[in-house]
Amino acid sequence: MENNNPLLCNPENGICEIPAYNAASANSNNFKSEKKPVKIIYYTDPICSSCWGIEPQLRKLKSEYGKSIEIEYRMGGLLPDWSYNSGGISKPSDVAHHWDEVSLHYDMPIDGDIWLEDPLPSSYPPSIAFKAAQLQDNEKAISFLREIREMVFLKKKNITKWDYLELAAKNVGLDTVQFKKAYEGDAKDLFNRDLQLAREAGVRGFPTIFFTDTTGKTEMIYGSKPYSVYENALLKIHSNISKSQYDRSWPSLFSSYHSLTAKEFTELTGTARNEGEKMLDELTANGKLEKLVTKNGAIWMSKHTD
């Protein structure tokens, strides 16, 4: 059975692949770090399950090497619509079981039932929304992307709908009037520019991550990989980068990140997986954290203090 659906990510190589794309003309000449020793260009998509799967590794990379790296997020356009699908995978409901499977593989909570209950027609609207957020504030845009990912993967929200995009923008402190204006205007051109850059760079699936230094020397990591693979690519580009020590206590981590899965918490703290989850559950029982349980795992959040 031919896999014509990019949403059916391959958990073995950790890739959500764009269908029928020829990467022979790969060209990464548009990559060069200007502000910090290393620039990371990350091609992703809001509904890419493999990209959700590498959140723990990315957060650790930022924690350990944040002083030396800048990360630019670019949207790749995973699901334009459902018209191109043929063969055995032809409708949203086919993705539901697959998402449940990759959730277990990546040890990250994903509830595939959204594809049965309120399926998304495309990943373009949330991608354009990210570009609208980016126009306003890059750090808040990254928080916005996290917010809409939690909405779609854990809360089964159809993030092509404006109400959810607006709520996510509000939750991360964006000006929603400005956000809507950009979403309906300039953000579409910026999204199309990202798609063009992805084609020029030979990006054929997600996650695709380019590491580049100030001279343009580039390493590419394709697909979801263990943390050491990303770290090694970074050190290959710039061997003199030193690792920063960061506060691994739970109050510090939850002040840096509003929400953490058990996989993220254990990756960031260096604790064993079962010990980490036990600690999170104890903190929840003691009223220190809030816990959202899905059918395929949970996520813990810092308590709201109004």
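**Exercise 1. Classify Thr 294 as buried or exposed, then list its side-chain polar contacts.**

Solution. 
- Thr 294 has a relative accessible area of 10%. Buried means under 20%, exposed over 50%, and partly exposed in between, with a 1.4 Å probe and protein chains only. Thr 294 is therefore buried.
- Conventions come next. The model is predicted: local features need pLDDT of at least 70, side-chain atom pairs count only at pLDDT 80 or more, and totals for chains, interfaces and linings use all residues. Residues are numbered from 1 along each chain as its sequence is written, and side-chain values use heavy atoms, with hydrogens and water left out.
- Thr 294 sits in strand 8 (residues 289-294). Helices (H or I, at least four residues) and strands (E, at least two) are DSSP runs, numbered from the N terminus.
- A polar contact is a pair of N or O atoms within 3.5 Å; within protein, one must be able to donate a hydrogen and the other to accept it, and residues adjacent in sequence count only if both atoms are side-chain atoms.
- A polar side-chain atom of Thr 294 lies 3.1 Å from the backbone nitrogen of Asn 296. The side chain of Thr 294 also reaches the backbone oxygen of Gly 297, at 2.7 Å.
- Contact means heavy atoms within 4.5 Å. Not counting residues up to four places away in sequence, Thr 294 touches Pro 109 and Leu 154.

**Exercise 2. Check the length of helix 9, then find which residues are buried and what covers them.**

Solution. 
- Helix 9 (residues 186-200) has 15 residues. The expected span is 1.5 Å times one less than the number of residues. That should give 21 Å, and the end C-alpha atoms are 21 Å apart, so the two agree.
- The buried residues are Ala 187, Phe 191, Asp 194, Leu 195, Leu 197 and Ala 198.
- They cover an arc of only 165° around the axis, so they lie on the same side of helix 9. The arc is that of the directions from the helix axis to the C-beta atoms.
- Asp 186 and Asp 189 are exposed on the other side of helix 9.
- The cover over the buried residues includes strand 2 (38-44), strand 3 (69-75), helix 5 (124-136) and helix 8 (176-184).
- Just after helix 9, Gly 202 takes a positive phi of about 75°.
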